[in-house]
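Please look through the sequence and the model shown below, and then read the briefing that follows with the structure at hand.

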Amino acid sequence: MLTADLVRARRRGDELTLTPLDAGGRAAALELAATLLGLAEAHVDKTRGELAEVMDAVVGGARDRKLAAGLAKLIWDRAELAEAAPIDPEALRHDVFARAQAAWAQIGEGDRFDRSAVLAAVAAERGLTVGDIERGLYADLRDAHVITQLAPITAPQLVAAYDLAQPQAVLLRAVRVIVEVESAIPGAYRMLFRKLKFLRLLCAIAPRARGGYRIEIDGPFSLFESSTRYGLALALALPAIRELDRWSLVADLRWGTARTPLRCRLDGRGEPDPEAAPHLADEVRTLLDALRALGTPWQVTPAVEILDLPGHGVCVPDLTFEHAQTGERVHLEVLGYWSRDAVWKRVELVEAGLPHRIVFAVGQHLRVSEAALDAELPAALYVYKRTMSAKAIVERLDALATVRVPRKRGAARP
Amino acid sequence: MITHQTKVKERSALLAHLADGTYRALVTSRVLNEGVDIPAASVAIVVSGSGAVREHVQRLGRILRPLAGKRATLYELVTANTAEQYTSERRREHVAYR
């Protein structure tokens, strides 16, 4: 991921516009990417300090430093580093220093302190070479960490990743993002919604009158504490958004150290995301397994429906339950622990007459009471501590199964 | 040697060794400017520093912890006829240095 200072953007008034690479810039980027990748590949098994030195030299000498620094950052993100310290550096240092101290104590007037003699003595005692000692003495420092692996990538792929990383870096500074999407394939929406759920993003989805959907996503800067993890999740949603036939996005930002309120607009048409794969979030997957192991009459499957209350909004459940005997259906949406606001939006949706039974699972530290939803409503809140309990959810399913569901609006005909 | 990268455990071990005489000298960066108490330390050599009076007084404070029969000495390494001379004069504008 790129940091804000590596984003190529121009400010005009309160509008931030990304400046894409022009033909010349792209050619330069490809060349720089190839050079930097070559250096990085040649430095696998060498130290962070060694690679940093040569990379910094290339970045410093580049005509477009911001471009070079951005590419270098993306390469560093792909490197795995480890402390390579076969000898415990702390113990080794104590050995060497204590011996040096003893040597000092014996030194005569006019004698010189012999550093190499001290190192040689320690090396001999440990059955190592002086070189081993020199290398091992500060092997725990950051710059001495060894690059063990570099995730393979080609220069054109790196430049493509750089193109994507630009808007992603912008999203990391967002307070609110409004996305409008349009697709000819209905499945594409579901894929996108699933991805948003998988990333545990806080969003309100509403169908547009002229087709497509409008998605309002809370940005990391709207949370109590601006969370890097949440920002990263938002950035990861961008490849999924870019896949839709037509998409546009308006992000309200807090830009720079002054956190200046700016607005950034992006749009595009169907760019396939090669790494796309619909998933279930880990906690939902764990819950699904636990529910199946419980052996209740409730048959559980990952949800495929989008629950829509025209004029009020949309709710995308995570799991759908169907009772083996009665055929009653209940949905479950895991809201997790990001924001209370998201919970209140769901409560409003239910109170407005959402024609489905649904349980919302909410993390305890959002301090929402389960009593926030009336018992006559076809929805229930389940407040959980750390992990969701399959048993507690089944209890709520049983209770909801007896509650009346409002009739679908527009379904009634004269 | 103690720098910002030295972990807390090793830091306290190094300081303990300095206090009990196992080590005779310690090289450090700004991280030891304040908050460390080694009564046995009697000589400080400032190799580099800013013109800040506050920082310099705090550094002096490291060797001014009382111990019977101790005489504390602070040396400054300054290159003559360079900006360092001016910086050194500036940071000594405090009663502690008069």
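## Briefing on the two chains

The contact between the chains draws 7 residues from chain A and 5 residues from chain B, where two residues are in contact if their C-beta atoms, placed from the backbone, lie within 7 Å. On the side of chain A that touches chain B there are 4 nonpolar, 1 polar and 2 charged residues; here Ala, Val, Leu, Ile, Met, Phe, Trp, Tyr, Cys and Pro count as nonpolar, Asp, Glu, Lys and Arg as charged, and the others, Gly among them, as polar. The model is predicted, and local features need pLDDT of at least 70, side-chain atom pairs count only at pLDDT 80 or more, while totals for chains, interfaces and linings use all residues. Residues are numbered from 1 along each chain as its sequence is written, and chains are lettered from A and ligands numbered from 1 in the order in which they are written.

**Chain B**

- Chain B has 3 helices and 2 strands, which follow the order α-β-α-β-α from the N terminus; helices (H or I, at least four residues) and strands (E, at least two) are DSSP runs, numbered from the N terminus.
- Of the 98 residues in chain B, 5% are buried, a residue being buried if 20 or more other C-beta atoms lie within 10 Å of its own, exposed if 12 or fewer, and partly exposed in between.
- Among the contacts in chain B with a separation of 6 or more, 63% are made by residues 24 or more positions apart.

**Two packed helices in chain A**

- Helix α5 (residues 115-126) of chain A packs against helix α6 (residues 130-137) of chain A at an angle of about 100°, with their axes 8 Å apart; axes are lines fitted to C-alpha atoms, for helices over the stretch in contact, and angles run from 0 to 180 degrees between N-to-C directions.
- α5(A) and α6(A) are therefore roughly perpendicular to each other, a term used for angles of 65 to 115 degrees.
- From α5(A), A:Ser116, A:Leu119, A:Ala120, A:Val122 and A:Ala123 meet A:Val130, A:Asp132, A:Ile133 and A:Glu134 of α6(A), and the residues of this contact divide into 6 nonpolar, 1 polar and 2 charged.

**A hairpin and a loop in chain A**

- Strands β6 (residues 203-207) and β7 (residues 213-218) of chain A run antiparallel and are joined by 5 bridges, strands being paired if DSSP finds at least two bridges between them.
- A:Pro207 stands opposite A:Tyr213 in β7(A), and in this hairpin, with 5 residues between the strands, A:Gly211 takes a positive phi near 95°.
- A:Ser227 lies in the loop between β7 and α9 (228-242) of chain A and is partly exposed, with 13 other C-beta atoms within 10 Å.

Methods: Angles under 35 degrees count as roughly parallel, over 145 as roughly antiparallel, 65 to 115 as roughly perpendicular and the rest as oblique.
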